[in-house]
Amino acid sequence: MIYLDNAATTPLDEKVLKVMLPYFTQKYGNASSLHSKGREAKQALENARKTIAKSINAKPSEIVFTSGGTESNNLAIKGIVFANKENKEKNNIITTKIEHDCVLNACKWLEKQGWKVTYLNVDKKGFISLDDLEKAITNNTLLVSIIHGNNEIGTIQNLEEIGKICKNKGTLFHTDACQSYTKTLLDVKKMNLDLVTLNAHKIHGPKGVGALYIREGIKITPLAHGGGHEKGLRSGTENIPGIVGFAEAVKQMKKSDIKKMTKLRDKLIKGIEEKIQEVRLNGPLGDRRLCNNINFSFEGVEGEAIGMMLDAKGICSSTSSACSSKSLEPSHVLKAIGLSEKEARGSLRLSLGKENTEEEVDKVLEIMPKIIERLRKISPFDKLINKVVK
Ligand SMILES: Cc1ncc(COP(=O)(O)O)c(C=O)c1O
């Protein structure tokens with residue numbers, strides 16, 4: 001089996017599992033308990049907080065653990081909005097058209113409650129325009145929320161420049177860094193970030209755990225009320241095995257892994273372009289693309305069909321983000337970069353993890369051209385889609 005869907009989720013690193021296991025069986029204390037088992041869990045919690053904080057140049061006190069990216073994004077956006085709801089003038093949020101669904105749907109929900117949301121366009125490679133952002137920020141803008149590395153097409157936004165604009169305009173700045181975390185520089189001070197969403201399962205850590213960085217002094221209203229855990233910002237007994245695993249996953253992501261994934265990414269992109277006619281790479285090339293993301297549109301073929309045939313050969317891929325692949329709608333990200341419905345439906349994402357090898361890439365490059373050729377010969381997709389689109 002060749003697993004190339006690491007943007008959806010990654011296999012757990014065995015070293016991470018080893019570090020987690022004792023926290024299920026022997027070190028099972030509740031971090032709020034005062035006895036030795038509780039103190040042991042609390043110590044592990046605080047050590048993990050230090051690791052996560054250090055990795056983004058933040059203070060440990062600025063990290064709140066959550067159940068993952070979805071919760072962190074909701075807490076960031078709704079928490080800021082609710083904390084400022086008395087200030088009627090600040091009723092605008094700015095985001096982009098290529099956010100993950102958990103940001104877009106939180107924003108759509110807020111729109112229904114009366115807040116105004118501006119959705120910035122992106123260019124053909126998926127970048128926002130800094131000019132557009134500057135113009136969009138008004139006295140009414142409370143928060144700018146812009147994804148760091150895009151989960152579908154890999155575009156990495158220029159957070160340093162966006163941060164400068166937000167600082168000059170006095171607007172809060174949040175980023176969803178679930179896909180970019182540990183894969184490219186993320187520095188809350190350098191980038192002037194006020195809130196950052198992180199999660200563990202995209203970096204060979206466990207599912208169901210994440211964090212939100214909240215700059216010291218920023219007021220945020222919690223979404224869950226209870227025992228006052230995480231300084232009252234996220235009540236609920238802390239998931240100690242998950243949190244310990246999250247921190248270990250961060251420690252286990254090495255510069256050499258990034259280098260390896262970048263090399264494999266570029267080999268796959270070059271190989272597909274050389275071996276298959278009429279393909280279009282979605283997203284940019286080089287440093288501004290996530291080191292593990294490959295996304296192509298294949299003329300005259302449906303992505304779903306390619307994915308199914310690859311699966312039959314033991315290769316896991318994805319037609320859009322895993323969270324929305326149940327919907328038949330073509331991806332909002334691909335539409336936002338200007339793809340026609342036909343091009344969007346003909347797209348496929350391959351996403352690498354640190355465990356992929358050069359041999360696996362060679363195998364994919366051997367199998368894929370044959371699949372595309374076969375599908376192009378037999379597929380009525382072109383005729384069908386023309387009918388649907390017309
Ligand atoms: C960019 C981005 N944000 C948020 C999420 C949601 O994270 P989680 O699955 O931890 O809730 C994902 C995962 O699919 C993602 O790729």
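**View 1. Separation of the two domains.** The C-alpha centres of domain 1 and domain 2 are 28 Å apart. In the domain assignment, domain 1 covers 2-7 + 254-382 and domain 2 covers 14-252; such bounds come from an automatic or database domain assignment. This is a predicted model, in which local features need pLDDT of at least 70, side-chain atom pairs count only at pLDDT 80 or more, and totals for chains, interfaces and linings use all residues. Residues are numbered from 1 along each chain as its sequence is written.

**View 2. The side of domain 1 that touches domain 2.** The contact takes 26 residues from domain 1 and 21 residues from domain 2 (contact: C-beta atoms, placed from the backbone, within 7 Å). Strand 10 (293-298) and helix 11 (332-336) each supply at least two residues of this side of domain 1 (DSSP runs, numbered from the N terminus: helices H or I, at least four residues; strands E, at least two). Helix 11 gives the largest share, four residues. By class, this side of domain 1 has 10 nonpolar, 12 polar and four charged residues (nonpolar: Ala, Val, Leu, Ile, Met, Phe, Trp, Tyr, Cys and Pro; charged: Asp, Glu, Lys and Arg; polar: the others, Gly among them).

**View 3. Packing of helix 10 and helix 13.** Helix 10 (residues 303-312) packs on helix 13 (residues 358-378) at an angle of about 130°, with the axes 10 Å apart (axes are lines fitted to C-alpha atoms, for helices over the stretch in contact; angles run from 0 to 180 degrees between N-to-C directions). The two helices are therefore oblique to each other (under 35 degrees is roughly parallel, over 145 roughly antiparallel, 65 to 115 roughly perpendicular, the rest oblique).

**View 4. Residues between helix 10 and helix 13.** Ala305, Ile306, Met309 and Leu310 of helix 10 meet Ile371, Ile372 and Leu375 of helix 13. The residues of this contact comprise seven nonpolar, no polar and no charged.

How values were computed:
Two residues are in contact if their C-beta atoms, placed from the backbone, lie within 7 Å.
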